[in-house]
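Thank you for making time this morning. I would like to walk you through one model slowly, going from the overall picture to a few single residues.

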Amino acid sequence: MATHNVAVAVDKRESIPGPSPLPLLGNIRDIDVKNTVRSLNELADSYGPIYRLKLGVANVIIISSYGLINEVLSRKEFIKYPVGTVMRMRDVIHDSLITAFHHEENWAIAHRTLVPAFGPLAIKQMFGEMHDIGSQLVQKWIHSGPSTAIDVAADLQSLALDTLALCAMDTRFNSLSRDADEPHKLVNALNGIFSEVTVRAARPAWFTKLQWSANRKFDENNAFLRKLAHEVISHRRANPSQKKDLLNALVNGKDPATGNSLTDDCIINNMMAFLIAGSETTGNLLAFLLYYLMANPKEYATLREEIDRVVGGDPLAPEHLNKLPYTKACLREALRLQPTVPVLAVKPVDVDGPIVLGHKWELDGPQTILILLHHLHRDASVWGENAEDFNPERMLDKNFAKLPPNAWKPFGNGQRSCIGNEFAFQEATIAVALLFQKFDFSFADPDYKLTIKQAASIKPANLFVHAKLRPGVDALPTTQGVVHEDTIRKPTPATDNVFSGVNDLKPIIIYYGSNMGTSMELANNLAKSAIQRGFQCTAAALDEATGSLRPGVLSVFISSSYDGQPTSNGAKFIDWISALSPNSLTGVEFVVFGCGNREWRDTFQRIPNLIFALLEKHGAKSIAAKGSADAAEGDVLAQFVTWQASEFWPCVANLHGVTPGTTDEALRVAVVHQKPTFQPIQTGVSAIVKKVYQLTDDEVRPKYHLELELPERHNYEVGGYLEILPRNPLELVKRALRALGLKEDDVLELASSASTPLPTGVPLLAKDLLSHHLDLNQPATVKQLELLRDYCEVAEDKQALDSILEEGNRTNVLTRRPSLLQILEAVKIGNLPMSALIGLLPPLKPRSYSISSSPLSSPSRCTLTWSVLQHPGLSHPRFSQIITYGLASNLLSALKEGDTLSVTVKPSHAAFRPVFYGPGATPVIMVCAGAGLAPFRGFLQHRFELLRQGSVLETKMPPAMLFVGCRSPADKIYADTLREWALAARVNIFYAFSQDTENTESAGCKYVQDRLWLERVRVMDLWEQGARMFVCGSRLVNEGVKGVLKRMYVEGVQKQKGQDLTEAQIEEWWASTRRHRYAVDIF
């Protein structure tokens, strides 16, 4: 139970005002049953920022000021609570995502199962279908003619309904092709339900039971919707599809936490929920936006100018969407003024003690609170004196990012916020661009004044417009010539498909074990290649193979390890397959591909090898030798594509009795004479830089601190990561252009018969390709060095590359190899086409940085701590003058306050996240060097905030130790802050200085593992209490710490038992320790 005390002393509690209730009826006479939202807003104008109503037997609190709403939405004890129309909608969709109580299990299962279907990549792939439906609306309005008064709310509801049906369920209702007086029966049923739940929400339940005729019609509409949903589900089950849409997620998805599938009732409830919510809200948003633009000619002209400038007369394409910031701002501003779901409801749970709002209003227990977004979105303290005006400039990205927390809430709050908001925004952006590209709009009634109609959401009432084709605009369908996202990213089909004449190809299921996304990316790559060759193929998390392996299906396993342990989405599978009896997998055919890094020699490929061995042990048959990729060799994707061509597909061909072919997998690059497009890799969300400064004066590896404000609904967790996609600096790009014989303004077009993350089939500038898509800094792999050596025209050049290969083999240090660009600059390569050279360059990939703060300090503001990388020249004289700079670290250090940075928030690995208090909490020992302090700064701040906020008593939090390795005392970053947190949070800090061992603070210790050994008595004391150890640093730091821990164990056994241990006994102890009590994060 949580106790929430008022932050400041309360001198006087005030009673909450409100209209006097009538006996039995309460305040029902104060509410207009046809427009409850307007009534609530008018009462707020009369009674102020907080008032109470008695509705039925319940007392409800209504709040409307930013201060109170921010307080409530920031307090974790307040959670979504269905009331009003949402509660009455439970009569239709029961415990769906929209209507469930927070404690209901089906909500959590459905949420975890369905979120991936609305991820950014999935939504981008829906561009073509959204464009299809939007173009149908354009054609309908063209055929209506300029003099027809168009009911925009009705047509835009049909647009939203048809878009959702096609994108999410692969179903066409064709609502837009029907006459206005004969809408689809589904539309009638939805509107009937919307009207009835609105009325039911405003009257007593006993009165509703007496409305026999209305209830009968309501039940008929409900039955029709459920029957329709059942038919759609049955059709998909009878006709399986590879499409990654909502329907497949509903029908085939499994909860990643429990492994459970959704029940049929849960599937139907949530399908209906999406139809109900998606058709109402997005259509009404567009209708409101159309009104505000027509009512504000200046803003209308600005939006149309942006669309004309970006899209012009060309077909709308995916790359246009991110170039329409004013359009996005207009949508945000329309949602501010008219949030289509205008009331949020929350209720406190697990609260022990009084509940006080604003330091003076005490609730009568856990009462329901209604939040009026109309007032929140017009609060002058946030929006200024012109809050009533339609002003999209305030919603441009830079200004939007500066809004205070909880000031703009059209999509709900926290975990229960709308998971389809990105879907809605892309759909709306496409619709706006298509409509304003084609039409001039005007009110059918020049004197129209906005009035609101309320149903399940709100919409403009009686809004009719004229849509006239703009002068010179072609009336032909806007779908002609559209380049869809899936077309842009789709590789050219294999040029020699040996499977084209084969019947009964075996289905392929690819299971990936992945924490950071690499194995998942490889699985998707292989799935695309398989589908191109005619196979039925799906990719799924490794845990989904649990109990699912069967003959007749080729099972492919692509997995990495996490310090020798299964990935977070593969532990259940490993437990399951380890417990099988012999020969229980007889008849199963499989292939295994492992990802890893040979620098982790103790655990390299451990899990892929284990999967292979267990499958064979239990009777399964491998059709190919186990494949592997070594991150120490550089580009993992390139190694994987090579394995596909040389091993996997020939073995699959043999399995089907055909002769393996020779498919040309090479990347082809051509200089073309076309207008280039810009194809940046889209990743993450825009964060705002709040602070950035240098922490140390070290010239070799200076350390920096960065503070970022994350967008709303993109909170982070302690120990998590931010992924940052770097770009190559201009000077590096210019060097690459010279080395490849290209000019900045050369336009290139790429084609590939293999799946590739590079943009194929579109013209783009050579400068853009090298800046945003290819990594010019990665050290060359052994295979690349050997290839380039064979093409050297000068003997001395060949000898130089030979010496680098020999040195790498001798020292086993990857960074001693030059990059491909450095080689091309230093040696003369002959007879190797430009396409081949570009194909050797690895794709640019995100870099992960540990978050160095705690969300308890601020859930949306996080910090990064890092070292700027500068690799010195190589020992070989040919490359000795070349200094290599880290792409991401230097990009971060160049940021300024107010800049935006594209980031992706990633959770921590479960093993690298301590339990701070309560069940499962143990003492913690943290060991780091340099910028490896980052996650542990977050851990210390988290401990400090838990204590400061009163969430836990100091005596209930286990003690901790932090060991920090630095060059000298001058490199002690955050020293004062860490000292303050450590004193308050039961943490002892110990330093080691590699360049100042005489300093007393280091106790003569040069490296952090030396200090660990020196303090071994205290360390072992915590260890005996069940402590877990966390290490963050280089591979050498990890090896040093591991060695010291083994020495401590050996010494302890000798002292306690007087016996010496064998090497096997030590390794057995270490294997157990590593699995359960030791976690490492290598950078």
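Buried residues make up 54% of the 1083 residues in the protein, where buried means under 20% relative accessible area, exposed means over 50% and partly exposed lies in between, with a 1.4 Å probe and protein chains only. What you see is a predicted model, in which local features need pLDDT of at least 70 and side-chain atom pairs count only at pLDDT 80 or more, while totals for chains, interfaces and linings use all residues. Residues are numbered from 1 along each chain as its sequence is written, and side-chain values use heavy atoms, with hydrogens and water left out.

The secondary structure comes to 37 helices and 34 strands; helices (H or I, at least four residues) and strands (E, at least two) are DSSP runs, numbered from the N terminus. If we call it a contact when heavy atoms lie within 4.5 Å, then, of the contacts in the protein with a separation of 6 or more, 77% are accounted for by residues 24 or more positions apart.

Five strands form an open sheet in the order 1-2-8-5-3, with mixed pairing, and two strands count as paired if DSSP finds at least two bridges between them. Its edge strands, each pairing on one side only, are strand 1 (50-55) and strand 3 (78-80). Neighbouring strands of this sheet are turned by 35° against each other on average, direction ignored. Strand 3 pairs with strand 5 (residues 343-348) in the antiparallel sense over three bridges, and the bridge partner of Ile79 in strand 5 is Lys347.

Helix 1 (residues 36-47) lies across strand 1, strand 2 (58-63), strand 5 and strand 8 (368-372), running at about 135° to strand 1. Helix 2 (residues 66-74) lies across strands 1, 2, 3, 5 and 8, and runs at about 130° to strand 8.

Next, a pair of helices. Helix 15 (residues 325-337) and helix 19 (residues 421-438) pack at an angle of about 115°, with their axes 10 Å apart. Which residues make the contact? On helix 15 they are Thr327, Lys328, Leu331, Arg332 and Leu335, and on helix 19 they are Phe425, Ala428, Thr429 and Val432.

Now to strand 31 (960-966). Seven of its seven residues are buried, so strand 31 is largely enclosed by the rest of the structure. Both of its faces are covered, with Ala960, Leu962, Val964 and Cys966 buried on one side and Met961, Phe963 and Gly965 buried on the other. In a regular strand the side chains alternate between the two faces of the sheet. Strand 31 pairs with strand 30 in the parallel sense over six bridges, and Leu962 in strand 31 is the bridge partner of Met926.

The buried residues of helix 35 (residues 1016-1024) are Val1019, Leu1022 and Trp1023. Seen down the helix axis, they fall within an arc of 105°, so they line one face of helix 35; the arc is that of the directions from the axis to the C-beta atoms. The face turned away from the buried side of helix 35 carries the exposed residues Val1017 and Glu1024. Just after helix 35, Gly1026 takes a positive phi of about 95°.

Most residues other than glycine have a negative phi, and most peptide bonds are trans. His94, although not a glycine, has a positive phi of about 50°; this residue lies in the loop between helix 3 (84-93) and helix 4 (105-114), and is partly exposed, with a relative accessible area of 33%. Asn583, also not a glycine, has a positive phi of about 65°, sits in the loop between helix 22 (571-578) and strand 16 (589-596), and counts as exposed at 55% relative accessibility.

I will finish with Glu749, which is found in strand 23 (residues 747-752). How far apart in space are Glu749 and Val672? They are 6.6 Å apart, C-alpha to C-alpha, and 77 residues apart in sequence.

Terms used
Axes are lines fitted to C-alpha atoms, for helices over the stretch in contact, and angles run from 0 to 180 degrees between N-to-C directions.
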